[in-house]
Amino acid sequence: MGIYDRQVFLNVPFDNRYKKVLHALVFGVHQCGLVVRCAQEADDGGQVRVDKLYNIIAECRFGIHDLSRTTLDSEYRLPRFNMPLELGIFLGARRYGAGQQGRKSCLILDRDRYRYQVFCSDIAGQDIRAHSNEVEAALRAVRNWLQANLPSSQVLPSSALLVRRYLEFRRQLPFICRMESSTPAELTFLDYKRLVTYWIEENPEALPVPPDRVSAKRSPARNGL
Amino acid sequence: MKRVSVKRESKKSVFTTQKARTAVKAAKKKYANKPVRSAKSWKKGGREWSRVLGHFGVAE
């Protein structure tokens, strides 16, 4: 797989309320052997934000779009529409982009499964999953979606293993942060991503054997041949 | 309606590549002999850890 096939664009809220799900998504994607990309990774004030998004979207085959913050602002009574806009750019790239852009795949997350029908019914038919703001449901949705879109030779860890690994990582995270007089809440996106990457490298766990290798190991007698 | 410009916080990164590697290695050493076996042992991880468990509905 090339770099394009290993990158996942993260189009999700970055507020404090969503942080628990964001952190779990980053860990889940990296544990599945892919790399997350998002607008927060580069802090180049000179670059126009939407140009930055175009570049990142063009470089990613996969996209996770969370529409759960499409709610009315308490002051202006208007919804925030950045995430549906970025989803539109992603879908447009898949539809009109040249070459490998046509292989794009996206997962749309929301709090409730059918809420999108009220504000964005045109996306019906896409892969839409509800996470109810729960970490475990979000991890399961991402894992199952990636497994369905990656080659069958690449077996991903089970949802249960993913959750267990994430729990272990989160248990160690406060200690890791204390090493630099920091706390998990103060971590920047890049810091967090870096820690996730190294933690997974440092704490490898045996993955299940791919199905083709299992069948190759079986003797002809056992297979009834 | 007046236009509101949202000021983005630019926090400084504290974990360079080397610092991140060192911290992760130290955590591995510290927690190597303390595997997570039950919800009870998870709770010993402190306030931050309890908060995380709350996301999974385990902390209560």
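Trainee: Is helix α1 of chain A buried or exposed, and what does "buried" mean?

Mentor: A residue counts as buried if 20 or more other C-beta atoms, placed from the backbone, lie within 10 Å of its own, as exposed if 12 or fewer do, and as partly exposed in between. Ten of the 13 residues of α1(A) are buried, so this helix is largely enclosed by the rest of the structure. Among them are Val21(A), Leu25(A) and Phe27(A). A word on the source: this is a predicted model, where local features need pLDDT of at least 70 and side-chain atom pairs count only at pLDDT 80 or more, while totals for chains, interfaces and linings use all residues. Residues are numbered from 1 along each chain as its sequence is written, and chains are lettered from A and ligands numbered from 1 in the order in which they are written.

Trainee: What do the buried residues of α1(A) pack against?

Mentor: Helices (H or I, at least four residues) and strands (E, at least two) are DSSP runs, numbered from the N terminus. The partners in chain A are the strands β1 (7-11), β2 (35-37) and β3 (62-66), together with the helices α5 (135-149), α6 (159-178) and α7 (189-202).

Trainee: Which residues have the most contacts inside the largest nonpolar core?

Mentor: Such a core is a set of buried Ala, Val, Leu, Ile, Met, Phe, Trp, Tyr and Cys residues joined through C-beta atoms within 7 Å. The largest one has 56 residues, and those with the most contacts inside it are Val8(A), Phe9(A), Leu25(A), Ala138(A), Val142(A) and Leu195(A).

Trainee: How many helices does chain B have?

Mentor: Chain B has three helices and zero strands, and 15% of its 60 residues count as buried.

Trainee: What describes two packed helices?

Mentor: Two packed helices are described by the angle between their axes and the distance between the axes. Axes are lines fitted to C-alpha atoms, for helices over the stretch in contact, and angles run from 0 to 180 degrees between N-to-C directions. Here, the axes of α6(A) and helix α1 (residues 17-31) of chain B come within 9 Å and cross at roughly 125 degrees.

Trainee: At what angle do α7(A) and α1(B) cross?

Mentor: Their axes come within 9 Å and cross at roughly 45 degrees. α7(A) and α1(B) are therefore oblique to each other.

How values were computed: Two residues are in contact if their C-beta atoms, placed from the backbone, lie within 7 Å. Angles under 35 degrees count as roughly parallel, over 145 as roughly antiparallel, 65 to 115 as roughly perpendicular and the rest as oblique.
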